[in-house]
Number of protein chains: 2
Amino acid sequence: MDSELILKSIARHIALEPREEEIFLKLLQPLKIKRKQFLLHRGEVCRHAVFVNSGCLRGYTIDANGFEHILSFAPTGWWIADMYSYITQEGGYLNIDALEDAQVLQLSKEHQESLFAQVPKFERYYRIITEKSLVSYQLRTLDNLSLTAQDRYLNFCRRYPSLINSIPQKYIASYIGVTPEFLSKMRKDMQKQGLW
Amino acid sequence: MDSELILKSIARHIALEPREEEIFLKLLQPLKIKRKQFLLHRGEVCRHAVFVNSGCLRGYTIDANGFEHILSFAPTGWWIADMYSYITQEGGYLNIDALEDAQVLQLSKEHQESLFAQVPKFERYYRIITEKSLVSYQLRTLDNLSLTAQDRYLNFCRRYPSLINSIPQKYIASYIGVTPEFLSKMRKDMQKQGLW
DNA sequence: CGTCTATTTGAATGTACTCAAAAGCGGTGG
DNA sequence: CCACCGCTTTTGAGTACATTCAAATAGACG
């Protein structure tokens with residue numbers, strides 16, 4: 001199990017003693033996922049928070065007309081879960097699958113509670129990363145309210161530069177809330193305008 | 001200072017001893033705000049998280065064309081802040097003002113840290129309410145990606161029934177991401193269709 | 001009661017979508 | 001190693017949802 005990345009990620013927010021690191025690592029369950037494989041289907045209970053050691057996952061819904069809408073990408077170094085379901089332990093609304101072969105570390109809800117009991121500092125860690133995630137969804141909400149599709153795309157490129165050339169364009173369209181056809185046309189226009 | 005509501009609100013997530021309640025309440029600073037009065041201007045540092053004891057506040061941005069976009073309402077019993085600014089203590093992007101005369105309790109960032117040091121349970125409380133807030137922004141993001149304006153309005157009515165008849169309609173339009181004119185037309189259509 | 005703000009209404013416009021089809025690209029097997 | 005297949009991207013024409021701008025009406029607060 002490769003634990004270097006996750007420990008580094010945690011060290012940015014709280015300081016752990018070797019003993020505490022050990023407690024934490026023992027609660028994690030490594031898992032390999034192939035491209036297109038599902039970690040979670042809508043309606044299931046999300047029993048784990050998942051840290052991505054390598055590869056890239058996505059969380060998305062399917063609407064009444066059968067269209068996919070991507071809520072989040074989780075490239076290397078990110079956490080992903082159906083937060084609603086993880087918190088309530090009721091059936092969720094997200095599908096989670098892999099865009100590329102991936103290696104992840106899973107932390108079950110029970111193990112997380114056990115972790116909080118043994119090493120209360122982790123309450124702080126998860127509070128802080130939840131706060132940061134909250135802020136990014138707030139910014140995204142404001143983007144959706146105030147920006148044109150073109151500006152949302154430019155923002156996406158600034159925020160996720162590593163994804164632009166590593167995932168199919170249609171997923172970016174789905175994330176920013178336009179059709180793949182329209183994103184294609186926008187990009188063509190942007191090239192003509194020299195914005196690209 | 002009226003502390004009943006905030007204590008009840010906290011009791012839903014963590015159990016406090018009388019001593020701990022006392023520590024907490026001493027860190028709060030009560031404040032009265034009149035309608036249209038600002039608690040925070042964009043660019044300022046958000047030094048307090050604010051709990052609304054009575055009245056209603058809103059957080060919003062103004063875009064490049066001068067249009068307001070409401071990120072959040074905070075009716076009685078809710079917290080509000082410019083989370084980005086509160087976390088980083090750098091200049092924020094939100095304006096916060098009162099839609100009605102309000103009474104609030106302010107918790108400064110410094111006092112919050114002091115609270116965490118004295119009563120670590122509060123890490124848990126703020127983690128949990130941040131998680132819930134995160135989920136609601138995730139749902140809102142999915143609504144923005146997948147629903148028509150009419151369905152976003154219907155969702156708003158289900159989620160904030162108390163606001164529908166207590167705040168000007170144009171603020172609801174701003175929150176769901178349409179112009180006031182269009183919301184007015186939608187409502188008329190919905191009445192014709194008998195959806196209302 | 002008067003004034004200021006919010007809401008409604010209508011016509012013209014624009015941004016993004018739908019549907020259909022062609023072109024491009026990448027992986028896999030022969 | 002090339003050819004084929006499936007998936008992604010591009011292109012185009014027609015359409016729909018929502019906006020803009022302007023003006024009239026309604027409503028709320030001092």
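The model described here is predicted.

In this model, 16 residues lie around DNA strand D. A:Gln169, A:Lys170, A:Ser184, B:Ala149 and B:Phe182 come nearest. Helix 9 of chain A has the largest share, six residues. By class, the surface near DNA strand D holds five nonpolar, five polar and six charged residues.

Helix 9 of chain A itself has 13 residues. From its first C-alpha to its last it reaches 19 Å, close to the 18 Å expected at 1.5 Å a residue. A:Gly194 follows this helix. The phi of A:Gly194 is positive, near 75 degrees.

DNA strand C has 15 residues around it. Here A:Ala149, A:Phe182, B:Gln169, B:Lys170 and B:Ser184 come nearest. The elements that give two or more residues to this surface are helix 9 of chain A, with helix 8 (169–176) and helix 9 of chain B. The largest share, six residues, comes from helix 9 of chain B. The surface near DNA strand C divides into five nonpolar, four polar and six charged residues.

The relation between the protein chains was examined next. Chain B is superposed on chain A by a rotation of 180 degrees, with 0.0 Å of shift along the axis. The RMSD is 0.0 Å. The two copies are therefore related as by a two-fold rotation axis. The same surface serves both copies, and 100% of the contact residues of chain B recur in chain A.

The contact between the chains takes 26 residues from chain B and 26 residues from chain A. On the side of chain B that touches chain A, the elements giving two or more residues are strand 5 (68–74), helix 3 (83–88) and helix 5 (121–146) of chain B. Helix 5 of chain B gives the most, with 17 residues. This side of chain B has 11 nonpolar, nine polar and six charged residues.

Chain A also holds an open sheet of four strands. Their order is 2-7-4-5, and the pairing is antiparallel. Strand 2 (38–40) and strand 5 (68–75) of chain A are the edge strands, each pairing on one side only. From one strand to the next, the twist averages 25 degrees. Strand 4 (residues 56–62) and strand 7 (residues 95–98) of chain A run antiparallel and are joined by four bridges. Across this pair, A:Tyr60 stands opposite A:Asn95 in strand 7 of chain A.

Helix 8 of chain A packs on the sheet. It touches strand 4 and strand 5 of chain A, and its direction makes about 110 degrees with that of strand 5 of chain A. Helix 5 of chain B is the element that gives the most to the side of chain B that touches chain A.

Technical notes
Residues are numbered from 1 along each chain as its sequence is written. Chains are lettered from A and ligands numbered from 1 in the order in which they are written. This is a predicted model: local features need pLDDT of at least 70, side-chain atom pairs count only at pLDDT 80 or more; totals for chains, interfaces and linings use all residues. Copies are superposed by least squares on the C-alpha atoms of residues with pLDDT of at least 70 in both. Two residues are in contact if their C-beta atoms, placed from the backbone, lie within 7 Å. Ala, Val, Leu, Ile, Met, Phe, Trp, Tyr, Cys and Pro count as nonpolar, Asp, Glu, Lys and Arg as charged, and the others, Gly among them, as polar. A residue is near a molecule or strand if its C-beta atom, placed from the backbone, lies within 6 Å of it. The expected span of a helix is 1.5 Å times one less than its number of residues. Two strands pair if DSSP finds at least two bridges between them. Axes are lines fitted to C-alpha atoms, for helices over the stretch in contact, and angles run from 0 to 180 degrees between N-to-C directions.
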